[in-house]
Amino acid sequence: MTKMIKTRLLVVGGGPGGYVTAIRASQLGIEVTLVEGDRLGGTCLIRGCIPSKAMIHAAAKFESVQSAASDAGTLGIRVSGTPQIDLAETVRWKGGIVDRLSDGVAGLLRRAKVQVIHGWAQFTDAKSCNVRTAEGDVAITAEHVVLANGSEPVELPGLPFGGAVISSTEALSLQALPQRLAVVGAGYIGLELGSAFRKLGVDVTVVEARDRILPQYDAALVKPVARWLDRAGVKLHLGASVTGYDSGQLLAEAQGATLAIEADQVLVTVGRRPRTQGWGLDQMGVDMDGRFVRVDDQCRTSMRNVWAIGDLVGEPMLEHKAAAQGEMVAEIISGKRRRFDPLAIPAVCFTEPEIVTVGLSPEEAAASGEDAITTQFPFFANGRALSMEAGDNGGFVRVVARKHDGCLLGIQAVGSHVSELSGEFALALEMGATLEDIAGVIHAHPTLSEAFFEASLAGLGHAIHI
Ligand code: FAD
Ligand code: NAD
């Protein structure tokens, strides 16, 4: 017999968008039911942000032990013997972190008294869905529906997933390292994971359709990453169009020539698409915006009391955007006045070295008609960076500020560990800080954040340490 549930708020998806919506709504006294067909935590916790950063960390650790063992290390640390990596063990360790976080989300939802239904929601109209669960069928009707169905990897024609052709999901759970890995797409995932595999000793070749790597970032920010790839021996084919994989070779066309790249495995990372198929979205009568569900600045869809958030509604497809939208929607449903209007959504690329951007780049500032100044401070002049072997990879912090009042328009950095500066950068922009404000804050020594302080001083014309 079908179990019937009537609820005030139905949240579809237990990723960062969905579970944050559910917890915040519950805090505000709203009765919530959340449906998740896979594991709680979504792409980010189960097969995205966290597992990828765990594998990147393990790879960096392995590389540093290897460098000590090969006498290439410069710190006086010596390791005898040949360091080994047992990838299955590394993946088990990563799995432990994922389990802990997924269980943590389950615990948070339990404590918030959110009713969690495990199964795939299939919608029959805008406010009703059926879920097949291990305990039987459940029919849910709701006053409000929040769609947080997330995204999935894009497949290339001629290169379907399966066998040796894998997506990031499989790449994060390999039991053994391939000897030769071809990566298709030099964006976030391709370069984060491609670099990690290279550090683990894999022979990596990257094939990118555009004429540059990380096309979402400006050339100056990408340069140190390109330099690392080159020095690490990652082979790069730009402007290449992949045609297929046959007999252990990835086939591509580049500048009129045919490439045949030897590869035991092919990791396809050419973007992600919103998960809009197979769960009855077409029965809900919501308008689309290209591939994405169309929403306004409150994440309302065209259907009354149906909301959509996160990867389902567009770029940037980032965890912190999904979570921020979820929190906002819960508050609007509870009667608060909110709009999704952030000045800046920070973006971090966990390559070698890392890239952080918040707000406008110099080119974007110019294109938007701002009369802006751009100044930067290099990590080679920062004591903390030097003390962490992070001073010589071409990294810097850059600030873009309005000329007439010094108001910050954008802050970018490239360098080891700079991801941890993203919070200060975002805070400065959201608080409307000026160059004088940053220069007036005493930054602790020795820290990488002093480079932000110095870049701001440079904007005022009086940097001290350069
Ligand atoms: P998701 O996390 O995709 O969650 C959607 C959930 O809905 C899923 O659990 C799915 O099972 C469920 N679902 C879908 N349809 C149904 C249905 N019909 N019934 C029941 N359940 C359903 N972002 C960052 O900000 N930083 C990073 O470092 C980062 N690294 C990443 C690395 C990788 C390898 C990948 C793939 C992504 C990464 N991302 C990163 C992106 C980030 O994971 C996503 O932006 C984020 O997870 C989006 O959250 P969401 O809640 O919108 O969707
Ligand atoms: P991406 O958009 O970052 O990069 C895709 C790359 O593939 C681009 O450089 C594109 O030019 C290239 N490409 C497209 N079609 C191609 C083809 N046919 N042949 C060769 N190259 C091709 O996408 P992604 O790396 O798959 O990541 C998906 C999304 O996941 C990201 O956009 C981001 O939103 C999110 N993500 C974020 C992080 C982070 O925040 N650190 C990390 C991983 C993923």
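Predicted model: local features only at pLDDT ≥ 70, side-chain atom pairs only at ≥ 80, totals over all residues.
Residues are numbered from 1 along each chain as its sequence is written, chains are lettered from A and ligands numbered from 1 in the order in which they are written, and side-chain values use heavy atoms, with hydrogens and water left out.

The shell around ligand 1 holds 38 residues, a residue being near a molecule or strand if one of its heavy atoms lies within 4 Å of it. Gly17, Glu36, Thr43, Lys53 and Asp311 are the closest of these. A backbone N or O atom of Gly17 is 2.8 Å from an oxygen atom of ligand 1. For Leu318, the distance from a backbone N or O atom to an oxygen atom of ligand 1 is 3.2 Å, and for Cys44 the corresponding value is 3.3 Å. Ligand 1 taken alone exposes 990 Å², of which the protein buries 95%; accessible areas come from the Shrake-Rupley method with a 1.4 Å probe, and for residues only the protein chains shown count as cover.

Helices (H or I, at least four residues) and strands (E, at least two) are DSSP runs, numbered from the N terminus. At least two residues of the shell around ligand 1 come from each of α1 (16-27), β2 (32-36), α2 (42-47), α3 (49-69) and α8 (319-333). The largest share, four residues, is that of α2. By class, the shell around ligand 1 contains 14 nonpolar, 16 polar and eight charged residues. Here Ala, Val, Leu, Ile, Met, Phe, Trp, Tyr, Cys and Pro count as nonpolar, Asp, Glu, Lys and Arg as charged, and the others, Gly among them, as polar.

Ligand 2 is surrounded by 24 residues, the closest being Ile189, Glu192, Glu208, Met317 and Val348. A polar backbone atom of Val348 lies 2.7 Å from a nitrogen atom of ligand 2. Oxygen atoms of ligand 2 are involved in the contacts of Ile189, where a polar backbone atom is 2.8 Å away, and of Gly271, where a backbone N or O atom is at 2.8 Å. On its own, ligand 2 has 850 Å² of accessible area, and the protein covers 80% of that. Helix α6 (residues 188-199) gives the most to the shell around ligand 2, namely four residues. This shell divides into 13 nonpolar, six polar and five charged residues.

The whole structure contains three aromatic pairs (rings of Phe, Tyr and Trp, the last by its six-membered ring, with centres within 6.5 Å; planes under 30 degrees apart count as stacked, over 60 as edge-to-face and the rest as tilted). One of them is the edge-to-face pair of Phe123 and Trp279, with 6.0 Å centre to centre and 70° between the planes. Phe123 is in strand β4 (residues 121-125) and Trp279 in the loop between β16 (272-274) and β17 (288-289), so the pair links parts of the chain 156 residues apart. Phe123 counts as buried because its relative accessibility is 2%, and Trp279 counts as buried at 6%; buried means under 20% relative accessible area, exposed over 50%, and partly exposed in between (1.4 Å probe, protein chains only). Phe425 and Phe452 form another edge-to-face pair, at 5.0 Å centre to centre and 65° between the planes. Phe425 belongs to helix α11 (residues 422-430) and Phe452 to helix α13 (residues 449-459), 27 residues apart. Both Phe425 and Phe452 are buried.

Ile345 is placed in the loop between α8 and β20 (347-349). With 27% relative accessibility, Ile345 counts as partly exposed. Apart from its neighbours within four places in sequence, Ile345 is in contact (heavy atoms within 4.5 Å) with Pro316, Leu318, His320, Lys321, Phe340 and Thr357.

The peptide bond from Glu352 to Pro353 is cis, with omega near -10°, and Pro353 lies in the loop between β20 and β21 (354-359). The bond from His445 to Pro446 is also cis, with omega near -10°. Leu214, although not a glycine, has a positive phi of about 40° and counts as buried at 0% relative accessibility.

How values were computed
Polar contact = N/O pair within 3.5 Å; in protein donor to acceptor, adjacent residues only side chain to side chain.
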